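Dear colleague,

Please find below the structure that I promised to hand over, together with its sequence. My notes on what was found in it follow directly after.

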Amino acid sequence: EWPGVGLHHITFNVAKGVFSDKRIRQAAAYALNRDDIVLGGAEGFARVANCLVPTSVFGYLDDFEWYPQDLAKAKALLAEAGYPDGFDVVFSMQGSATYMKPAEVVQDQLRKIGINVSFDKMERAAYLEDVGGKRNFVASLRMINATVRDADSPLTRRFHSSMLGGGNNYSGYSNPEVDELIERARKISDGEERLRLYRRIFEILKEDVPLVPIYTDTIHMFFNAKLKNFYPHPVYRYAVHDMYFEE
């Protein structure tokens, strides 16, 4: 058993639609109990993520705090934004259980503050074209894998302005300060200084909420006890030529 390298998260379209209002994104963040999403969406085999990178990569901060569930604050923010009675919204989704199971828990939790979610379930190719390419969506629940186990990889792909227009910045988020901090952190060799810069990035992203982090899966591997020289690998690259069975 070991942590995976993926981060399940909600992506909002911050450039257009109802979630272009930061207060509504914050309301959605306050509405969620992510421990319950782990239980219902991952059957408990995951760890809640409080930063916008997977829990297993360098740059994740164990002491960083995300929004706690607070339905009163969530409803107050909706009312302030002009939606005292909530609203209906369609989440664009890939139809597999990987995404739909946690999304259905999110759906139930958002309903409690008046955000009524329905789903447009799409095939992967259509999803990547509409959501990833054209950004023709309002909100979605998806995952990003940090195949390089460093915060630079997911932060660049999801939030840097260079990833707009065909890149992995699906939300349409653009913040020059975040761009500059990502680039600075990439060039620094001192680990503590890099963590300080990532903390500042996480603080800005928490305020702006282009995404809501949910969890990183726990990976389980089962193998014959006689198999030796087997070691888990975060992106499933196994040195089979070094393995052998012991009689």
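Does Gly44 count as buried, partly exposed or exposed, and at what relative accessibility? Gly44 counts as partly exposed, at 34% relative accessibility, where buried means under 20% relative accessible area, exposed means over 50% and partly exposed lies in between, for a 1.4 Å probe and protein chains only.

Before going on, please keep in mind that this is a predicted model, in which local features need pLDDT of at least 70 and side-chain atom pairs count only at pLDDT 80 or more, whereas totals for chains, interfaces and linings use all residues. Residues are numbered from 1 along each chain as its sequence is written, and side-chain values use heavy atoms, with hydrogens and water left out.

Gly44 lies in the loop between α2 (34-42) and β3 (46-48); helices (H or I, at least four residues) and strands (E, at least two) are DSSP runs, numbered from the N terminus. Leaving aside residues up to four places away in sequence, Gly44 touches Val38 and Leu39, contact meaning heavy atoms within 4.5 Å. Between the C-alpha atoms of Gly44 and Arg157, which are 113 residues apart along the chain, the separation is 28 Å.

Thr156, which lies in helix α6 (residues 152-159), is buried, with a relative accessible area of 12%. Its side chain makes a polar contact with the side chain of Arg186 at 2.9 Å; such a contact is a pair of N or O atoms within 3.5 Å, and within protein one must be able to donate a hydrogen and the other to accept it, while residues adjacent in sequence count only if both atoms are side-chain atoms. With residues up to four places away in sequence not counted, Thr156 touches Met163, Ile182 and Arg186.

Ile182 also belongs to the contact that α7 makes with α8. Helix α7 (residues 176-187) and helix α8 (residues 191-208) pack at an angle of about 160 degrees, with their axes 9 Å apart, the axes being lines fitted to C-alpha atoms over the stretch in contact and the angles running from 0 to 180 degrees between N-to-C directions. The two helices are therefore roughly antiparallel to each other, a term used for angles over 145 degrees.

Finally, helix α1 (residues 22-31) is mostly covered, with eight of its ten residues buried, among them Ile24, Arg25 and Tyr30. What covers these buried residues includes β2 (6-12), α3 (71-80), β4 (87-94), α4 (97-111), α8 and β7 (211-219).

With best regards

Notes: Angles under 35 degrees count as roughly parallel, over 145 as roughly antiparallel, 65 to 115 as roughly perpendicular and the rest as oblique.
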